[in-house]
Amino acid sequence: MLFPKNINKKLGFDQFLEFAKNHCETELGKSIYQKIRFTHQSEILSLWLEQTKEAQEILEEAQLNVSLPLDFDLHEKTAHIQGFFYETESIQEISDFLKSSKKVDDFFKNNLEEYPKLSRVFKDIAIDYSLIDQVDQILDPDGSIKPSATPMLRKIYGQIKKLETSIFKSSNSIFLHAKEKGLLADTELGIKNGRVVLPVLSEYKRKVHGVLIDQSGTGKISYIEPIEIVSLNNDLSELQIKKRQEIITILKKITTHIVSNLRDIKIARQNLAFYDFVRSKARLASDWECQLPKFDSHTYVINSKHPLLKERLKDENKQLVPLDYSLDKNNRIIVISGPNAGGKSVALKTVGLLQMMLQHGFLVPCTAESTFQLFEHIFIDIGDDQSIESDLSTYSSHLKSVKHIVNFCNNKTLILMDEIGTGTDPMFGGPIAEAVLESIHAKNAYGIITTHFSNIKAKADQLNGIQNAAMLFDVENLIPLYKLQVGKPGSSFSFEVASNIGLNKKIIKRAKALTDTKQYDLDELLSDVQSQQEKLKEKERVLNKKLANAKDYEREYRLLKEQIENHKSQIIQQANTQASSIIKSANKEIEKTIRLIKESAADKKKTNKVRNSLSQKVSKLGKKHPEYSSDIVYEIGDQVQVKGSDTAGEITEIKKNRITINFGGLTTKTSIENIEKVGEKNAKKVKKYISESSYLQKQKNFKSEIDVRGMRTHEALIEVDNLIDTALIMGVSKLRILHGKGNGILRTEIRKHLKLNPIIADMSYERVDLGGEGISIIELS
């Protein structure tokens, strides 16, 4: 249950729906927005949301670029009447629809596992798509009947062309003859009522033998069909009638096929309208960075943003402060206090709008890690419903809403109340508000309530399951921060705000004197506490940032050390293997030498010869693994990398055979034989990236695809060059450039530019079903 009836307007959900509806391509898709409904059933919501998520993925990957021509008339009431036939315009519209339907149908049949929720919508389509070929056989691309549609029509067109040539020759001869006599107006031959006529000056009309067909508006020109071509024109009229009759026969035949598939066409059109509806939700989700959250028995929302307010602030070049909030069985209600215009009402409406969006099947603007509880009822008391006609004051209208909320709320209800107890004497409004809060708490309802009343803040501290919260305020600069801090109540900063807007200081001083001392001290204490908390949070933020940086450096250091150790182990293993081989070879030579010495019976010449041979062979074996030497000269500032690693760094120190390398702020030392220079083409780029941030982090975040649609040509070329430069550094060889088709100008300029780049090894278009000529695939050498 939703309360009140105008809840959509109060929360801005009606404006949200208009935004979403405008992302539809068709009127049929927009009409589905009239049927959306609120639900708390997780199975249904999961289906709706996952369908939207699938559509979003399809859009982001440009896998299904299709227009949806759905807004045409099927003439359902007359289609089955004998003698009815569709005109060529209607047939062309139906053909365009069938082509789109087939494209969508084929896509989901081929991607059933990847997009299961949307695929189920199209699984029962059974249209005879041969209708497309039948229409193509009879209609030109402009929607007119082809002269070759049937043999009979081809013959009639031939006869008409032949007869028109004969009529033109005859009439042209008559025209020139009459013109020489000065009988004609200063115009050419004309066509009136499908017949060739002479433009005769009315004063000479009796001098031209023929039939008067028409006259000009002034009566000065008479259009006369020469008697010589009357018979030919009659024959032409008969052929035109035959042509129309043959065309009607063709149209009736194709109409019969369409009507036999009318039911399936209607179903398919409705399915495509639904896809248009889901696609509009996905487009909106992409525009507003909406996510698919989790469902659970509690609410924990991170970085939520009021989408309508975000749009407005974007136009004003302002940033929206995100809202974090949570509700669970142990903390069911949040009481928010703080200054006026500090964001209390915005926070309340953000919670309400996001809950309405979610439970109507829309993705929501928050992080994907957020969790939402689903409620059976949403009751709100926001704004002023005073009415002269109903004799309701502001306070009475609030009480009427409170009555409904208290009577019907339960543990499956979300309650949102703005400025509870206002509209009457605070001495009585405060206690009433306190009693209402106790009643809502007793019924285990969930909710968020805003207030300025101190007794409500105190009650929130007393009751289990209710939390105080404050909208933060910059005391030094006297401006609201629009941040929600849960745990402590907030000050109203009444005097600070009054001072900031320039109210007379004497009035403020007098107001402070009139204020209850205890109340003033409490408000001032809350203000001081908030100020101190803000300073502590800023220090904590700085420390956390430094700690995070330190952890990043530590992680990268460990990774580099591990890589170096791995190379060290490999080198030692190779050396041991080679040494073992040398020893085995040496042992074989020694054994062979001993055997030869024995066989020579101590012959000195032979013994010396064998010894010299052994010495030479051992020397050669030793040279199989010489000491490291290299012709490469390294200098401080060179860009190098550890062999087998993709991480590049800069040499900062060289000491004999040991060098020191800086990897983005992380320093390590290694032997000179463990390194190699980075290619000259990449050296400058690597240096740039290392100085900016961690190379490893950039490698992790690098995307091999870029979308330049909507950019100007020079902007797009810069983005493409930057992508190629980054790819070279990251070691990525294949890139995708989404430039769209459109008029082809951007695509042509980009491909012309790429052909001049020597680093491009190959360039092609994407597969047709994945975007075709709207996406270029390039490979780097």
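Strand β11, residues 377–381, is mostly covered in this predicted model. Five of its five residues are buried.

Which strands pair with β11? Strand β1, residues 2–3, runs parallel to β11 and is joined to it by two bridges. Strand β12, residues 413–417, also runs parallel to β11, with five bridges between them. F379 of β11 stands opposite F3.

| Partner of β11 | Residues | Bridges | Direction |
|---|---|---|---|
| β1 | 2–3 | two | parallel |
| β12 | 413–417 | five | parallel |

Now for confidence. The protein has a mean pLDDT of 81. A value of 70 or more is reached by 81% of its residues. Among the elements, strand β10 (residues 371–372) has the highest mean pLDDT, 96. Helix α20 (residues 680–692) has the lowest, 46.

Two stretches need care. Residues 386–391 stay under 50 in pLDDT, and the model gives them five contacts beyond four places in sequence. Over residues 621–630 the pLDDT is also below 50. That stretch, 621–630, has seven contacts in the model beyond near neighbours in sequence. Where pLDDT is low, predicted coordinates should not be read in detail.

Definitions and conventions: Residues numbered from 1 in each chain as written. Predicted model: local features only at pLDDT ≥ 70, side-chain atom pairs only at ≥ 80, totals over all residues. Heavy atoms only, no water. pLDDT = per-residue confidence, 0-100. Helix = DSSP H or I, 4+ residues; strand = E, 2+ residues; numbered from the N terminus. Contact = heavy atoms within 4.5 Å. Buried < 20%, exposed > 50% of the residue type's maximum accessible area, 1.4 Å probe, protein only. Pairing = 2+ DSSP bridges.
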